[in-house]
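The points are grouped by topic.

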Amino acid sequence: MNSNRVFGLDLLRAIAILLVVSSHGNYFFSKKMMDYYRFIDFDGVSLFFVLSGFLIGVILIKQLESQPASFKLLLNFWVRRWFRTLPTYFLILLTLTILNKIFNPFFTFSSVQKYYYFFQNLYFYEIDGFFPESWSLSVEEWFYLLVPVLIFSLLYLFKTPKRVILFVIIFIISLVFFIRYLGHLKIVLFSPKLVITRLDAIMYGVFGAYVYFYHQKYWKMSPKTLFVLGLFLFAVDRYVEMSSTVDLFNCYFEWSIAPIGTLLLLPFLSDLKKPNFKILNWVTIISTISYSMYLINMSLVRDFIIVNLPWTGSEIYHDLVKIINYTLYWGITISLSIIIYLFFEHPITNLRDKISLHRFEK
């Protein structure tokens, strides 16, 4: 494990993936368990979006402040990001395609080819049972493609990264708010899993990177107070979501409260050191394998492996079967993710670092 990892950010990433996996695993819960679980069913994906925006924002700002914007620099950024995200994604996508081709007599490649281009939720979103959790990867990839292009294009005109980045942050967040407004009026199709309606969550993370890089005195002003306020916003979000049926809230605020709450956690977590307890190594491990866990836990582990176990569906000791399956669900997800990380994801990352990407900057 990389000794330069930030424990606080690893903790946030680990919590995010545990929330996601537990949410997908509520398939195995009894009705009584679901009644209790809904109180802690927070949006783990929003945590991922904000954290990703923060980390990518810091990298992008450092690059733009150290060298002039150019297509070669942009290409370097894309290659490094896509080396990190695309190989594992396509590994799982291809695996699911092959498994469905073998075991699903109604499967056709034409019905899933949109996943290979990240079009699955670009214009509309329908849960088709093939790879539904990949909607968030599509949001990430379109962010990597579109937002840097907008930033680099504006830099050719205005030359000042600080002002351009702030403008882009405000523009994207305002645009998403306006799209949600049109969705509330039924003028455009609205879904919280469309690409355009979730880009603002990543931009809140970029705003955190902006403040971190350009306004350190504000970033460090009162991190503990902001952390408590962020937790309070999560509690408000959960309370209002459970009690509200108002479309206005769902369109405007539900998908912004959690990202803003996450943003408020970052000043404290980004400076949080790892306590000297070996048991906390699991936080770093879970954080390290979180990407693989996200990709495999639902469609591959839950909906293919667990569902096809010989005792699944048995009415004998039904609750015991659910407990066994839920335990296996977690065990297989973590074990398989470690294997994927060690033998595929980590070697690919090392390969990326060995390739002389500096040629793009010459």
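In this predicted model, helix α3 (residues 44-66) packs against helix α11 (residues 254-269) at an angle of about 50°, and their axes are 9 Å apart.

**α3 with α11**

- The crossing in which α3 passes α11 is right-handed, and the contact is made by Ser46, Leu47, Val50 and Phe54 on the α3 side and by Ala258, Pro259, Thr262, Leu263 and Leu266 on the α11 side.
- Sorted by class, the residues in the contact of α3 with α11 comprise seven nonpolar and two polar ones, with no charged residues.
- Of the 16 residues in α11, 14 are buried, so the helix is largely enclosed by the rest of the structure.
- The length of α11 agrees with expectation, because 16 residues at 1.5 Å a residue should span 22 Å and the end C-alpha atoms of α11 are 23 Å apart.

**α3 with α7**

- Helix α7 (residues 195-214) also packs against α3, here at an angle of about 45° and with the axes 7 Å apart, which makes α3 oblique to α7.
- As α3 passes α7, the crossing is right-handed.
- From α3 the contact draws on Ser46, Phe49, Val50, Gly53, Phe54, Gly57, Val58, Ile61, Lys62 and Glu65, while α7 contributes Arg198, Ala201, Ile202, Gly205, Val206, Gly208, Ala209, Tyr210, Tyr212, Phe213 and Tyr214.
- The class division for the contact of α3 with α7 is 13 nonpolar, five polar and three charged residues.

**α1 with α13**

- Helix α1 (residues 7-24) and helix α13 (residues 290-306) have axes that come within 10 Å and cross at roughly 5°, so α1 is roughly parallel to α13, the angle being under 35 degrees.
- Arg13, Ile17, Val20, Val21 and His24 of α1 make this contact with Ser290, Met293, Tyr294, Asn297, Met298 and Arg302 of α13.
- Six nonpolar, three polar and two charged residues make up the contact of α1 with α13.

**Valine 301**

- Valine 301 lies in helix α13 and counts as buried because its relative accessibility is 0%, which is under 20%.
- When residues up to four places away in sequence are not counted, valine 301 touches Ile296, Ile306, Tyr329, Ile332 and Thr333.
- Valine 301 and threonine 333 are 32 residues apart along the chain, and their C-alpha atoms are separated by 6.5 Å.

**Phenylalanine 253**

- Phenylalanine 253 is placed in the loop between α10 (247-252) and α11, and its relative accessible area of 41% makes it partly exposed.
- The C-alpha atoms of phenylalanine 253 and tyrosine 123 are separated by 22 Å, and the two residues are 130 residues apart along the chain.

**Positive phi in loops**

- Most residues other than glycine have a negative phi.
- Phenylalanine 118, in the loop between α4 (71-103) and α5 (135-158), has a positive phi near 60°, and with a relative accessible area of 9% phenylalanine 118 is buried.
- Lysine 159, in the loop between α5 and α6 (161-184), has a positive phi of about 65° although it is not a glycine, and at 59% relative accessibility lysine 159 counts as exposed, the cut-off being over 50%.

How values were computed: Residues are numbered from 1 along each chain as its sequence is written. This is a predicted model: local features need pLDDT of at least 70, side-chain atom pairs count only at pLDDT 80 or more; totals for chains, interfaces and linings use all residues. Side-chain values use heavy atoms; hydrogens and water are left out. Axes are lines fitted to C-alpha atoms, for helices over the stretch in contact, and angles run from 0 to 180 degrees between N-to-C directions. Helices (H or I, at least four residues) and strands (E, at least two) are DSSP runs, numbered from the N terminus. A crossing is left-handed if the near helix is turned anticlockwise from the far one by less than a right angle, and right-handed if clockwise. Contact means heavy atoms within 4.5 Å. Ala, Val, Leu, Ile, Met, Phe, Trp, Tyr, Cys and Pro count as nonpolar, Asp, Glu, Lys and Arg as charged, and the others, Gly among them, as polar. The expected span of a helix is 1.5 Å times one less than its number of residues. Buried means under 20% relative accessible area, exposed over 50%, partly exposed in between (1.4 Å probe, protein chains only). Angles under 35 degrees count as roughly parallel, over 145 as roughly antiparallel, 65 to 115 as roughly perpendicular and the rest as oblique.
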